[in-house]
Amino acid sequence: MDGPIRIVSNRLPVTLQRVSGVLERKRSSGGLVSALEPVLTRRGGRWIGWPGLKLQPGESLSDADDPFEIVPVELSTNEVNRYYHGFSNATLWPLFHCFPSHARFEHRDWQVYDQVNARFAERAAEDTHDQEVIWIHDYQLTTAPLHLRRRVPEARIAFFLHIPFPPHDVFRMLPWNRDVLHGLLAADLIGFHVRGYAQNFLDCVQRVLSARVDLRSGLIEHGDRTVQVAAFPIGIDYQGFEQRATNTPSDSELRRQRIVLGVDRLDYTKGIPHRLRAFERLLELHPEHREDVVLLQVAVPSRDQVAEYQELKREIDELVGRINGRFATATWSPIRYLYRSVSQSRLSALYRDADVALVTPIRDGMNLVAKEYVASQVGDPGVLVLSQLAGASETMREAVIVNPLDRDGTAESIHRALTMEEPERRSRMVALQRREREHNVDQWVEGFLTAARTAAVKLAPVTDGDFEAWLGGFVADHRLALFLDYDGTLTPLRRHPSEAVLGPSMRAAVEACAAREDTDVTLISGRALSDIEKLVPVPGVTFAGNHGLEILGPDLAPFRHDDVAYYVGRLEKLAPRLEQVCIEGAWVEEKGASLTVHYREADEAQHEQFAQEIRALIQRAGFQARNAHCAVEARPPIGWDKGHAVLHILRARYGPAWSESVRTVYAGDDHTDEDAFRVLRGLGITFRIGPLDEQTSALRRLPNVDGVQALLEWLARRP
Ligand code: ADQ
């Protein structure tokens, strides 16, 4: 079970510095590194990340005696600007924290972000072993899972997001929202800090990608795969903090005052200005705290080349100056403000000696400071005042919970914390400590990896209940026009079109639908009309071949687009020219009004170049070249597609006001079906078959041919 693992994260577990030309390596601090490093040391594996500086040619980050390998992903200055400062920190960070007004949306940032993600994936894919979990971290790497999946289809990929996942109303503002979801869904397991973020994610997948999702068990249907989504609240190195708090001497000067402590990266999500104003309000409402209590705010500089962060720093400087000017006396200043990082032991002493910790972010994935404070309360217990907008508040219920945007309410809560009696303080702290001690970071890592190694339970197949909910009211008491694509919808895609034969149970389901007096079934395919007629020998069915250029069915005048005749002769001439350039395994299918060059069986390395050559020839001959599954189609340049064909059939059969009298349902797996999905948007119920990677205008998804069969069986049985 304890196989090697790979960690992929923006930064590496080592901090590098070049001193007089020599690369110096220091272990990075921080909870994540201290949690994951022992696991990697024990099991072996690799850590893939950005070293943060430029390496000299041939320079390696791994020492021979390292228990695991460190693999650097180097970035150019432009990439650092676009991928890191740009899309990661100026787009995803503000948007995911629900600060859309702080977000910038630049196409170039997105492109570079995705390219860099592909590079991380490339390094992560090198020499993978069976059973090895590849664990990708955080918002800088949301599309890396998909790039990795393309390189190593069988890999076990897990992803953890350290920041919140926003609700749909905010997420949909992102112009690349589908790409981000497609990127993430290539993972087998996607973890979040709390259930609320996981639910937001599931909701977005359902709404943005029309996916079938089980909200209760956190399962997403992705073609034949199931993706598991779950909450894994992160913990800290509890013992480490407890020990440091026990062993670090006190700062006697500080001990003379009562301390309210704030510790944060200087970030607009952390709500530092709100906190300062709430503290000011406390001094107004409860003057008894003047000259007795000090707010000690430690802010680590962060992203200080970004304008937003510089502006925030100015605001905090001014607020501190104003409040101190207003209340300070000769011997006391209400706020002490340290704009710097402090050492681990100093931080531990501050945590231990603070009477109250003010952890009041406006939005925070989890917040480790709240947990570190609790672990450091080894003496007379203090009180944790915690924002209800931090992920930590979901579990740390015994804290004094506040809304940091409610200034008066927060001031009153600080007062309550400062005046809380010892028995209540102790009861609350004991409960908080018990939970954090138990759910520490080791337990988090183990829990996540166990889930990552365990294959997700499959989402139960669609049931009659699902169809009843999606279609029941829509089709009730109405005539039904049912449109079905063939390849990939009624039969799985095969290597050769001649192998795609309709199975007996699917045939029975189509027959049962067609046999109903109130249902009209149309088979609509890119195949030649005569071909599709032979493949689905079901009485009473309408056939639309060549993407609807030719239509034949009961109660319909046979249809052949006026312009087809002109192109048929030209296609006959084009076919031998294409045959001439076919590489081994490729072949030409002549379909009358169109033709297709198939190359599924040709050497994969040649696919791209061959398809390009074929497309060029088709276009030069005056036809449209359309990509299909391992095939290129030559279509007459007639403004006619499956969407036009569907409308033609509906109007011809039911009149111009067809939408009043008939209900339309369409199922297809191919991008040529998208034309029909678009035409039917808002008018019918459409299903795209297959995995979620392909974008769709369909209203819903079905994973595979079995899902279609279940749909047809339900339609045949409906009351
Ligand atoms: P961050 O936004 O960095 O993390 P947080 O969880 O509070 O936020 O972690 C900050 C860390 O920095 C803590 O370990 C703290 O001790 C340390 N730190 C803060 N100020 C310091 C100072 N002045 N000197 C030294 N150290 C200082 C992201 C998400 C969080 C999520 C974590 C982990 O934004 O919501 O909890 O990842 O998943």
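Predicted model: local features only at pLDDT ≥ 70, side-chain atom pairs only at ≥ 80, totals over all residues.
## The shell around the ligand

The ligand is surrounded by 22 residues, and the closest of these are His162, Asp364, Met366, Leu368 and Glu372.

## Polar atoms facing the ligand

Asp364, one of the closest residues, has a polar side-chain atom that lies 2.5 Å from an oxygen atom of the ligand. Leu368 takes part through its backbone, where a polar atom is 2.8 Å from an oxygen atom of the ligand. For Lys270, an N or O atom in the side chain is 3.0 Å from an oxygen atom of the ligand.

On its own the ligand has 710 Å² of accessible area, and the protein covers 84% of this. Two or more residues of the shell around the ligand come from each of the strands β12 (258–265) and β13 (293–300), and likewise from the helices α11 and α12 (368–375).

## Helix α11 and its contact with α8

Helix α11, which contributes to the shell around the ligand, spans residues 344–353 and packs with helix α8, residues 238–247, at an angle of about 80°, the two axes being 8 Å apart. Because angles of 65 to 115 degrees count as roughly perpendicular, α8 is described as roughly perpendicular to α11.

On the side of α8, the contact is made by Phe241, Arg244 and Ala245, while α11 provides Gln344, Ser345, Ser348, Tyr351 and Arg352. Taken together, the residues of this contact divide into three nonpolar, three polar and two charged.

Key: Residues numbered from 1 in each chain as written. Heavy atoms only, no water. Axes fitted to C-alpha atoms, helices over the stretch in contact; angles between N-to-C directions. Helix = DSSP H or I, 4+ residues; strand = E, 2+ residues; numbered from the N terminus. Parallel < 35°, antiparallel > 145°, perpendicular 65-115°, else oblique. Contact = heavy atoms within 4.5 Å. Nonpolar A, V, L, I, M, F, W, Y, C, P; charged D, E, K, R; others polar. Near = heavy atom within 4 Å. Polar contact = N/O pair within 3.5 Å; in protein donor to acceptor, adjacent residues only side chain to side chain. Areas by Shrake-Rupley, 256 points an atom, 1.4 Å probe, with all protein chains shown as cover.
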